[in-house]
Amino acid sequence: MIQSMTGYGKSSAIFGGKKIIVEIKSLNSKAMDLSTHIAPDYREKEMDIRALITQKLERGKVDFNLWIEKENEQAAPPINVSLVENYYRQIKALSTQLDIPEPTDWFNLLFRMPDVLTKVETQELEEEEWETAWRVVEEAVNHLVIFRTQEGAALEKKFMEKIDNIERLLQSIESYEAERVAKIRERIIESLKTLPVDYDKNRLEQELIYYIEKLDISEEKQRLENHLQYFRETMKNGHGQGKKLGFIAQEMGREINTTGSKSNLAEMQNIVVQMKDELEQIKEQVLNVM
């Protein structure tokens with residue numbers, strides 16, 4: 001079964017008083033286009049995450065987010081009041097000594113001075129915590145794969161409907177082919193009758209046969225039938241067939257266009273237009289197939 005490149009997955013888990021959340025989305029793209037936003041605690045594992053996503057998803061414009069929500073708000077870092085007072089006195093004295101205007105925004109200046117706020121040290125990532133986070137990443141990616149598979153099933157159903165429609169339209173052309181040959185012969189003969197000269201009827205028959213053979217669409221019909229069947233078979237080969245299906249659709253378009261150029265009967269040309277419409281809908285959606 002084919003897969004869509006459009007998908008969404010989300011998962012979460014609790015560890016040590018914080019909630020680990022992963023959200024991943026994907027859209028269609030010619031190659032893997034991965035964008036990641038990872039909480040600082042797990043940034044050292046970014047390459048592992050990227051490798052997993054690339055291996056599982058293969059292709060698509062993917063947006064990956066991993067963040068943390070802490071159950072209890074941490075206390076704000078303490079302010080070193082005595083140090084703030086010391087900085088304040090020194091700056092004020094320096095302003096008087098050098099005849100420089102005092103700052104207009106004291107708080108902004110003082111809080112930027114060294115060691116006024118306690119530094120927060122980054123804690124080393126524990127193996128147990130990373131195992132929990134990794135499970136969340138895997139679950140979110142797997143949810144997206146399931147989503148893609150469901151979307152792929154819907155696309156496959158749509159494609160089958162369009163392929164069947166093209167096949168029915170192609171078969172409906174046959175009833176006009178014999179009529180077309182008769183009309184061509186009749187039109188040419190009637191035109192010749194208006195000429196004030198005699199013509200060689202044997203030579204006319206030879207020229208008619210040559211002309212009608214140039215308008216024959218038997219080969220185009222056969223090739224289009226083959227492409228329709230190949231499209232069906234390719235869809236059953238599993239995911240990763242998007243580009244191949246796109247190539248087959250292009251070949252189908254080639255045969256339909258040639259059929260249209262040879263169809264000098266209004267009814268046949270109308271059928272060709274309908275086939276083009278069905279094929280255009282396939283081409284639009286095949287871009288979403290992985």
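**Stop 1: the second largest pocket**

Start at the second largest pocket of this predicted model. It holds about 310 Å³ of space. Its lining counts 15 residues. Select Gly-242, Lys-243, Gly-246, Val-286 and Leu-287, the lining residues that lie nearest the pocket centre.

Now colour by helix. Helices α7 and α8 (266-286) each supply at least two residues of the lining. Which helix gives the most to the lining? That is α7, with six residues.

**Stop 2: Glu-255 on α7**

Stay on helix α7, residues 242-262, and select Glu-255. Is Glu-255 buried or exposed? Its relative accessible area is 6%, so Glu-255 counts as buried, the cut-off being under 20%. Next, show its surroundings. Leaving out residues up to four places away in sequence, Glu-255 touches Glu-220, Arg-223, Leu-224 and His-227.

**Stop 3: the sheet**

Move to the strands. Select β1, β2, β4 and β3, in that order: these four strands form an open sheet with mixed pairing. Which strands are at the edges? They are β1 (7-15) and β3, each of which pairs on one side only. From one strand to the next, the twist averages 10°.

Walk across the sheet, pair by pair.

- β1 with β2: antiparallel, over nine bridges. Pick Phe-15 and find its bridge partner in β2, Lys-18.
- β2 (residues 18-27) with β4 (residues 60-70): antiparallel, over 10 bridges. Pick Lys-19; its bridge partner in β4 is Glu-69.
- β3 (residues 32-38) with β4: parallel, joined by seven bridges. Pick Ser-35; its bridge partner in β4 is Asp-63.

**Stop 4**

Of its pairs, β1 and β2 are antiparallel. Now show the contacts of α1 with the sheet: α1 packs on it, touching β2, β3 and β4. The direction of α1 makes about 145° with that of β3.

Note on methods:
Residues are numbered from 1 along each chain as its sequence is written. This is a predicted model: local features need pLDDT of at least 70, side-chain atom pairs count only at pLDDT 80 or more; totals for chains, interfaces and linings use all residues. Side-chain values use heavy atoms; hydrogens and water are left out. Buried means under 20% relative accessible area, exposed over 50%, partly exposed in between (1.4 Å probe, protein chains only). Contact means heavy atoms within 4.5 Å. Two strands pair if DSSP finds at least two bridges between them. Axes are lines fitted to C-alpha atoms, for helices over the stretch in contact, and angles run from 0 to 180 degrees between N-to-C directions. On a 1 Å grid over the protein atoms alone, a cavity is a set of points where a 1.4 Å probe fits but cannot get out, and a pocket is an open set with protein on both sides within 12 Å along at least five of seven lines; lining residues have an atom within 4 Å of a point. Grid points are joined across faces, edges and corners, and a volume is the space filled by probe spheres set on the points.
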